[in-house]
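Let's walk through this structure together, from the whole chain down to single side chains. Have the viewer open as you read.

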Amino acid sequence: KPEKEAATLKLKAEKKDGVLSIPSFHLTGKDTDISGTIGLTKDLSGINMVKTDKATLGKSNISSLLYDASGEVVKLDISAKTLDASGYIGQDGEGFSFKNFPAIQFKADIGRVIIAPEAEVSNFKGQLTCDAIRCVSADLRGKTEGKDFVMKIMKNPKGRRQFSLHADDAGKFLRAVDVFGGMEGGVLSISGNYDDSKASPSLKAKVVIIDFVMKDAPILGKILSLASLTGFFDTLQGKGIAFKKLLAPFTLSDDVIALNDAKAYGPAIGITADGTVTMPQAALAINGT
């Protein structure tokens, strides 16, 4: 709850076989009304289970929630009209990591997900199943400012995992998931195959974006400025630079995205690039023309 904001917590605690649990709790306060069950770790250092029915917590309006981290796989099943996840995403300050993605069984049916102050997804629903090494399956879909997107991980007839992501509006999708805010329009497609033959799986895929405009992109702006392309720099800061197509083949291995002969071109300018993006710092090592 907000600091110095009045609230009341009522709870019942039990100890059985050396384990302390909270079979019932009820927290009330300003924009807060949540009750349910809590499970604690044996050393009382944290919460490993929360189960609640209808609840209000700040901007969140939850119909049902089950969070269970007591086993090797985290189980998260949530149904809500609105979920404010902005205070939880990236809260460790380390950024997103593919390599350290948790083993999870995730199900969701959420009318509106707030990811950041100006980033949100609507009609979000689907499932995601990952073990400690790989994501076995996924089917997640929703809308960003009214435009559909869908992400899938599934096996082909030969049993090989495949990844696909499609967004009807690339700019709105990237902005909504708080990845990049400098693109307008475009149709986004990412498709590829996983290589599970090694202990650490890798993904070989390609990104394709058709008919988009780049605006207010700091890294591109710096490149154009250093190259003394002041006309393009001014256009980038104004109406934006139009591109017909971006094609970026890449390989994802652990937390390193390796770009191979990526290119973007439009009526006025063309760009090629090779190099790496290393997560979770999103450290760039790129060269091109």
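Accessible areas here come from the Shrake-Rupley method with a 1.4 Å probe. On that basis, the surface of the protein chain comes to about 17200 Å², and 55% of it belongs to carbon and sulfur atoms. Please keep in mind that this is a predicted model.

Start with the overall view. The C-alpha trace of the protein chain spans about 70 × 45 × 30 Å along its principal axes. Its secondary structure comes to three helices and 18 strands. The chain has 289 residues, and 32% of them count as buried. Among the contacts with a separation of 6 or more, 36% are made by residues 24 or more positions apart.

Now follow a run of paired strands. Strand 12 (residues 161-167) pairs with strand 13 (residues 183-195) in the antiparallel sense, over six bridges. To find your place, look for histidine 166, which stands opposite serine 189 in strand 13. Strand 13 in turn pairs with strand 14 (residues 202-214), again in the antiparallel sense, over 12 bridges. Here tyrosine 194 has leucine 203 in strand 14 as its bridge partner. How many residues lie between strand 13 and strand 14 in their hairpin? There are six residues between them.

The next step takes you from strand 14 to strand 15 (241-253). These two run antiparallel and are joined by 12 bridges, with lysine 204 opposite threonine 251 in strand 15. Strand 15 and strand 16 (residues 256-265) also run antiparallel, and seven bridges join them. Leucine 246 finds its bridge partner in strand 16, at alanine 264. Strand 15 and strand 16 form a hairpin with two residues between the strands, and in this hairpin aspartate 254 takes a positive phi near 55 degrees.

With the strands in mind, turn to helix 2 (218-226). Its buried residues are Leu220, Gly221 and Leu224. They cover an arc of only 100 degrees around the axis, so they sit on the same side of helix 2. What do the buried residues of helix 2 pack against? Their partners are strand 14, helix 3 (230-237), strand 15 and strand 17 (270-278). On the other side of helix 2, the exposed residues are Pro218, Ile219, Lys222 and Leu226. After helix 2 comes serine 228, which has a positive phi near 60 degrees.

Two elements give two or more residues to the nonpolar patch: helix 2 and strand 18 (283-288).

Finally, look at the charged side chains. The structure holds 10 salt bridges. One of the pairs joins aspartate 211 to lysine 244, with the closest N and O atoms 3.4 Å apart. Because aspartate 211 lies in strand 14 and lysine 244 in strand 15, this pair ties together parts that are 33 residues apart in sequence.

Another salt bridge brings together the side chains of aspartate 139 and arginine 141, at 2.9 Å from N to O. Aspartate 139 has 26% relative accessibility, so it counts as partly exposed. Arginine 141 has 34% relative accessibility and therefore counts as partly exposed. Lysine 263 and aspartate 261 also meet through their side chains in a salt bridge, at 3.5 Å from N to O. Lysine 263 is partly exposed, with a relative accessible area of 33%, and aspartate 261 counts as partly exposed at 40% relative accessibility. To finish the tour, find Arg134, Arg161 and Asp196, which are linked in a network of salt bridges.

Terms used
Residues numbered from 1 in each chain as written. Predicted model: local features only at pLDDT ≥ 70, side-chain atom pairs only at ≥ 80, totals over all residues. Heavy atoms only, no water. Helix = DSSP H or I, 4+ residues; strand = E, 2+ residues; numbered from the N terminus. Pairing = 2+ DSSP bridges. Buried < 20%, exposed > 50% of the residue type's maximum accessible area, 1.4 Å probe, protein only. Arc of directions from axis to C-beta. Contact = heavy atoms within 4.5 Å. Salt bridge = Lys/Arg side-chain N within 4 Å of Asp/Glu carboxyl O.
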